[in-house]
Every structure is written in C-alpha cells, then in structure tokens.
Amino acid sequence: MSLYMLRRTGVYLFLSLAAFLSVFPFFWMAVGATNKSTEIITGKMTPGSNLVVNFQTLLSQVDLWRVFGNSFLIAIVSTILTLAVSSLAGYGFEIFRSRVRERIFQLLLLFLSIPFAALMVPLFVMISRAQLTNTFTAVILPTIASIFILFYFRQATKAFPSELRDAARVDGLKEWQIFLFVYMPTMRSTYAAATIIVFMNAWNNYLWPLIVLQTPENKTITLVISALTAAYTPDYGVILLTTVLATLPTLVIFFVLQRQFVQGMLGAVK
Amino acid sequence: MAQTRLDRNEQINGWAFVMPALVLLGIFMIYPILWSLWMSFQVGRGNNFSFGGLANIQRLANDALLVQALTNTIIFFIIQVPIMIVLALLFAVALNDATLRFRGLFRTILFLPCVTSLIAYSSLFKSMFSNDGIINQALMSLHLVSAPIPWLTDPFWAKVVIISAITWRWTGYNMIFYLAALQNVDKSIYEAARIDGIPGWARFWNITVPMLKPVILFTTILSTIGTLQLFDEINNITQGGPGNGTMTLSMYIYNLTFRMMPSFGYSATVSWVIVAIVAVLSIIQFMIARDRRRGA
C-alpha cells in the first residue's frame with residue numbers, strides 16, 4: 001500500500017510540474033501585460049499598474065481596432081469559404097462515386113502534405129502578376145481549397161445515413177436542396193469541429209500574410225506581434241498585452257467548445 | 001433510358017459538387033507546384049529568368065548554408081521529437097488512469113499551449129529567455145547557474161530555446177492522439193499483466209508502446225514534417241541566428257526569396273529538397289497505414 005501511495009505521489013508530482021510549466025507562460029503573459037517593460041525584464045511576477053499605459057502605448061503605435069478587424073475579417077471569410085468549398089467536395093466525392101473522380105481524389109491525397117514552402121514562391125509571383133499584393137483576397141484565395149478539410153468532410157460523410165438522402169429524394173428535393181437542408185443540419189458537429197480548425201489556422205496564419213500584406217493598415221494581429229517583437233528595443237509590456245489580446249479569441253473558443261476543439265484536431269489529420 | 005438519365009444526373013451532380021474545390025486546388029496548388037518544378041531549373045535574379053539546366057542542383061551541392069539548415073533541422077528533429085513523444089506518452093498513460101483525481105483539469109491544462117498562435121507563444125518565449133529575463137533570473141536565484149545563460153546569442157543555447165519552445169507548444173497536441181488511442185486498448189490486457197505481477201514500467205514498454213506503435217509512428221512523421229517546415233518560431237525568436245545556428249530550411253527559402261538578392265529559381269530548387277523529404281516520409285506513413293489496415 002505504501003509503495004502504491006509513493007507511486008501515486010510521484011505521478012501527481014510529475015503531472016503537477018508539467019501542469020505548472022504548461023500554465024506558467026500564460027501567467028507570465030497575463031501578468032506581464034500589466035507591468036512595465038523594465039519590470040518584466042527583471043522578472044517581476046506580480047500584477048502591476050501599467051496595463052492602461054501599455055494599452056495607450058499600443059494604441060499610439062498601431063491602429064489596434066483596424067488590425068483586429070483585419071484578422072477577424074480574414075479569418076471569418078476564409079472559414080466560411082473553406083467550409084463551403086470543402087464540404088461540397090467532400091460530399092460530392094463520397095455520395096456520387098465515379099472511377100474518374102476516385103482517381104482524382106487519390107491524386108489529391110498525394111498533395112496532402114505538400115509543404116507550403118514549396119508553393120510560396122510561385123504563389124507570390126502569381127499574386128503579384130495578378131496585382132493582388134497587399135489585398136485580403138490574396139491572403140484568403142490560396143487557403144480556401146484545403147485538402148485536409150475536404151478529406152475530413154469526406155470521412156465524416158461516410159456516417160451520413162443514406163436513408164435520409166433517399167427520403168429527401170422521394171420527397172422531390174433536388175441534390176443541392178438535400179445538401180443544404182438535410183446534409184448540413186445533420187452534420188452540424190462536423191461543421192463545428194472544422195470551423196474551429198480553419199478559423200484557428202486563419203487567425204494564426206503568419207508566413208503567407210507576411211509575404212503578401214505590406215502596408216500597416218492591412219496588417220493582421222500576428223504580423224503586429226511579430227513586428228513589435230522584432231523592434232530594436234522591444235517594449236515587453238506592450239508585446240505581452242498584444243499576445244494576450246491575440247490569444248483571447250482562440251482561448252474563448254477552446255473553453256466554450258472544448259469537445260469539438262479536440263475532435264477537430266484529431267479529425268483533421270486522421 | 002430512365003436509368004441512363006439518372007446516371008447522367010449523378011455524373012453532373014458529382015462534378016458540380018467537387019468542381020469549386022478542384023478549380024481552386026488546380027490554380028493554387030497543382031499549378032504552383034508544377035511551376036515551382038519548372039522554376040527550379042531557372043537561373044537569374046528577380047523576374048529575369050533563363051533556363052539554367054542543372055546549375056541550381058550544382059549550387060545545391062556546394063551550398064554551405066543549405067547544409068547548415070539541413071543539419072539544424074535534423075538536430076531539432078532528433079532531439080526534440082523523442083523528448084516530446086516520450087513526455088506525451090507518459091502524460092497520456094498517467095491521464096488514462098480512471099482512478100486519477102483532477103484528470104480533466106490536468107488534461108485541459110496540458111493541452112492549453114496548443115491554443116496559442118505560433119507567433120504569440122514565440123514572442124512569449126523570446127521575452128522569457130532574454131538575457132536578463134525570467135528564466136535566467138530563476139536559474140540564478142536557485143543558484144543553478146552563476147552567470148546568465150546567453151540563451152539567444154549562443155548557437156547552442158538558441159537551439160535549446162527553440163527545442164523547449166516547440167516541446168511546450170506541441171506535447172499536449174500529441175498527448176490527445178495517444179489518449180484517443182489508449183481508449184481503444186483492451187483494459188483486460190493490463191489487468192492480466194498486473195495479475196501476473198508485471199511492474200508498471202515493464203507494462204509501459206511491453207504493452208502500451210507496442211500497442212500504440214502505429215499512432216507513435218504517425219505522430220513522429222507528422223512532427224518531422226512540422227520540423228521541416230519550422231518557420232514562425234525561428235523568424236520570431238532568432239531570425240535563424242546567431243550565426244545561422246537555428247537556420248531552418250523554410251527560413252532559408254524565405255531569405256532566399258525575400259531577404260537576400262531574390263533568386264526565385266534557386267529558392268524553388270531548395271523547396272524541392274523539402275518536398276523530396278516530405279514525399280519519402282509520406283510514403284512511409286502510407287505504408288504504415290496500409291499495414292495497419294491489413295492487420296486490423
């Protein structure tokens with residue numbers, strides 16, 4: 001029994017240490033947002049009174065609401081379009097099977113793990129030739145068709161009961177009506193999980209916006225954090241405040257939709 | 001007659017549903033990939049291309065920076081991935097115990113780093129690991145070191161920072177894969193082993209690890225592909241420095257394309273190095289998945 005207790009204690013200690021290390025940066029970030037840069041650098045770990053000043057400094061350096069607006073706009077439009085295009089295709093590949101399309105689908109799977117680094121150069125040339133640099137269209141367009149999400153929807157569609165579709169057909173619904181009024185409501189949880197993944201990816205996207213977006217008024221929140229961090233004398237109070245602001249939306253999504261969140265992460269790569 | 005019309009309708013619908021995705025993938029994925037292949041045989045700066053035959057491939061062979069970037073990537077991979085996977089496995093096994101208290105809380109906390117954006121957390125780590133930052137303060141007040149560790153100005157320590165950062169961000173992510181897999185492991189195997197008096201560690205190595213082998217391989221490959229594409233953290237914490245000590249392939253391609261004298265042809269060639277490695281890994285992954293399906 002005592003050996004059991006000892007081992008138990010060991011497990012709890014191990015997990016508590018891991019949990020501490022996991023949470024500490026969050027704590028550091030929240031506390032840092034309320035302190036002066038000089039205090040942060042010297043390791044102050046108690047909440048300070050500099051939050052308002054940090055906020056004012058941030059507002060004087062960046063058009064924060066505009067930047068947030070840009071991030072939200074890009075993330076929301078990307079999410080809607082990605083979900084629409086990918087779920088249509090996932091449904092199409094699964095429900096209407098043909099040999100040609102099956103071949104195409106297998107071909108797409110080959111491209112599943114093409115690294116973005118390989119696409120970045122030609123995409124940049126394409127976008128600049130189309131004179132789309134520094135537009136949100138350029139940020140959003142290449143991310144809409146996602147093989148990951150398409151694959152995810154096709155897998156999920158396998159669980160869509162064919163009786164529902166047959167019944168809808170008997171009722172005289174057209175195929176697009178079946179998709180819109182039967183499939184979509186039935187697959188709510190699949191859409192929820194995919195929404196979280198796509199929104200997170202778009203919200204956190206860095207490399208492509210960094211390449212495409214150039215003027216300050218078009219920057220997203222990730223670009224702003226990166227620029228603040230790269231400054232010659234970084235103001236850590238302002239940086240940590242900005243990371244808090246950038247992390248809050250995804251944190252809220254996580255706590256509200258924890259189950260779908262984890263499901264999406266597991267599903268999107270299965 | 002009615003049958004063929006139905007068939008034709010199926011065909012039309014089938015294509016209509018998949019067409020938007022196919023068109024977009026064609027324009028923004030297939031076409032750029034093929035173009036990048038063509039580009040990789042072009043030499044010249046900016047928008048002046050000319051066919052260079054194998055010139056870029058020759059340059060590849062003599063590129064010391066590329067070798068360094070590859071070496072760094074391999075170091076990150078060889079050290080970081082095993083640490084992360086062992087930790088994730090230990091967490092998953094500990095949390096899979098139904099008698100453990102605060103399971104949900106521990107799981108949520110350990111998963112929490114996955115919620116942060118790569119840029120946000122790398123800024124956070126940069127501030128924590130700065131020369132007189134909190135990490136050095138803590139180490140010094142605990143008398144573990146006598147002088148501050150040059151985390152970001154020494155190539156070795158900079159690698160340590162990057163490895164710690166990635167481990168912090170991704171361990172919880174891998175953990176949920178193992179937790180999901182452990183839920184499918186038959187509990188009676190463990191019962192039998194325990195009754196036979198097999199100790200905990202032996203149960204872990206001889207039952208859990210072999211049972212989870214497919215998932216472990218899968219997450220290993222996923223992490224490797226991730227390491228090959230490492231960019232956000234590097235660009236934000238070290239910019240590839242000091243002395244190219246944390247330069248990665250993606251960072252190098254970015255520099256070749258947008259920082260130094262742009263040479264699109266050569267950066268496309270370097271990007272195909274990544275494609276080649278990823279392709280090999282994907283084939284391995286595919287074979288594992290096939291074996292698994294056959295085994296099941």
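Select Phe102(B). This residue lies in the loop between helix H3 (64-95) and helix H4 (103-111) of chain B. The model is predicted, so treat each stop as a computed position. Check the backbone of Phe102(B): phi is positive, about 60 degrees, although the residue is not a glycine. Most residues other than glycine have a negative phi. Phe102(B) is partly exposed, because it has 14 C-beta neighbours inside 10 Å.

Stay in chain B and go to Asn244(B). You will find Asn244(B) in the loop between helix H11 (232-237) and helix H12 (249-259) of chain B. Here too is a positive phi, about 60 degrees, in a residue that is not a glycine. Is Asn244(B) buried or partly exposed? It counts as partly exposed, since 19 other C-beta atoms lie within 10 Å, and burial needs 20 or more.

Now select Gly241(B), in the loop between H11 and H12 of chain B. Gly241(B) is partly exposed, with 15 C-beta neighbours inside 10 Å. Draw a distance from the C-alpha of Gly241(B) to that of Ile216(B). The two are 25 residues apart in sequence and 32 Å apart in space.

For a contrasting pair, pick Leu89(B), in helix H3 of chain B. Leu89(B) is buried, because 22 other C-beta atoms lie within 10 Å of its own.

Next, select helix H8 of chain B, residues 187-195. How many of its 9 residues are buried? The number is 0, so H8(B) lies largely in the open. Step past the helix to Gly197(B), which follows H8(B) and has a positive phi near 80 degrees.

**Chain B as a whole**

Zoom out and colour chain B by confidence. Its mean pLDDT is 86, and 95% of its residues reach 70 or more. Look for strand E2 (residues 50-51) of chain B, where confidence is lowest, at a mean of 74. Helix H7 (residues 155-182) of chain B has the highest, at 93. Where pLDDT is low, the predicted coordinates should not be read in detail.

Now colour by domain. The assignment for chain B gives domain 1 (2-39) and domain 2 (58-295). The C-alpha centres of these two domains lie 36 Å apart.

**Where the chains meet**

Show both chains. In the contact between them, 66 residues of chain B meet 67 residues of chain A. Which helix of chain B gives the most to the side that touches chain A? Select helix H1 (residues 2-39) of chain B, which gives 17 residues. Then colour this side of chain B by class: 44 residues are nonpolar, 18 are polar and 4 are charged. The model as a whole scores ipTM 0.88 and pTM 0.88.

**Into chain A**

Switch to chain A and keep the confidence colouring. Chain A averages a pLDDT of 89, and 98% of the residues score at least 70. Helix H15 (residues 258-267) of chain A has the lowest mean pLDDT among the elements of the chain, 75. Helix H4 (residues 64-95) of chain A has the highest, 95.

Select helix H13 (residues 221-230) of chain A. This helix is mostly covered, with 8 of its 10 residues buried. Among the buried residues are Ile221(A), Leu223(A), Ile225(A) and Leu228(A). Now show what covers them. From chain A, the cover includes H4, helix H11 (188-204), helix H12 (207-212) and H14. From chain B, it includes helix H5 (118-128) and H11.

Move to Ile239(A), in helix H14 of chain A. Ile239(A) is buried, because it has 28 other C-beta atoms within 10 Å. Leaving aside neighbours within four places in sequence, its contacts include Ile225(A), Leu228(A) and Thr229(A) in chain A, plus Ser123(B) and Ser127(B) in chain B. Also select Ala33(A). Ile239(A) and Ala33(A) are 206 residues apart in sequence but 7.7 Å apart in space, C-alpha to C-alpha.

Finish with two helices of chain A: H3 (residues 51-61) and H14 (residues 236-256). Their axes come within 9 Å and cross at roughly 85 degrees. Show side chains at the contact. H3(A) brings Asn54(A), Phe55(A), Thr57(A) and Leu58(A). H14(A) brings Gly237(A), Val238(A), Leu241(A) and Thr242(A). By class, the contact has 4 nonpolar residues, 4 polar and no charged.

Technical notes: Residues are numbered from 1 along each chain as its sequence is written. Chains are lettered from A and ligands numbered from 1 in the order in which they are written. pLDDT is the predictor's confidence in each residue, from 0 to 100. Helices (H or I, at least four residues) and strands (E, at least two) are DSSP runs, numbered from the N terminus. Domain bounds come from an automatic or database domain assignment. Two residues are in contact if their C-beta atoms, placed from the backbone, lie within 7 Å. Ala, Val, Leu, Ile, Met, Phe, Trp, Tyr, Cys and Pro count as nonpolar, Asp, Glu, Lys and Arg as charged, and the others, Gly among them, as polar. Axes are lines fitted to C-alpha atoms, for helices over the stretch in contact, and angles run from 0 to 180 degrees between N-to-C directions. A residue is buried if 20 or more other C-beta atoms lie within 10 Å of its own, exposed if 12 or fewer, and partly exposed in between; C-beta atoms are placed from the backbone.
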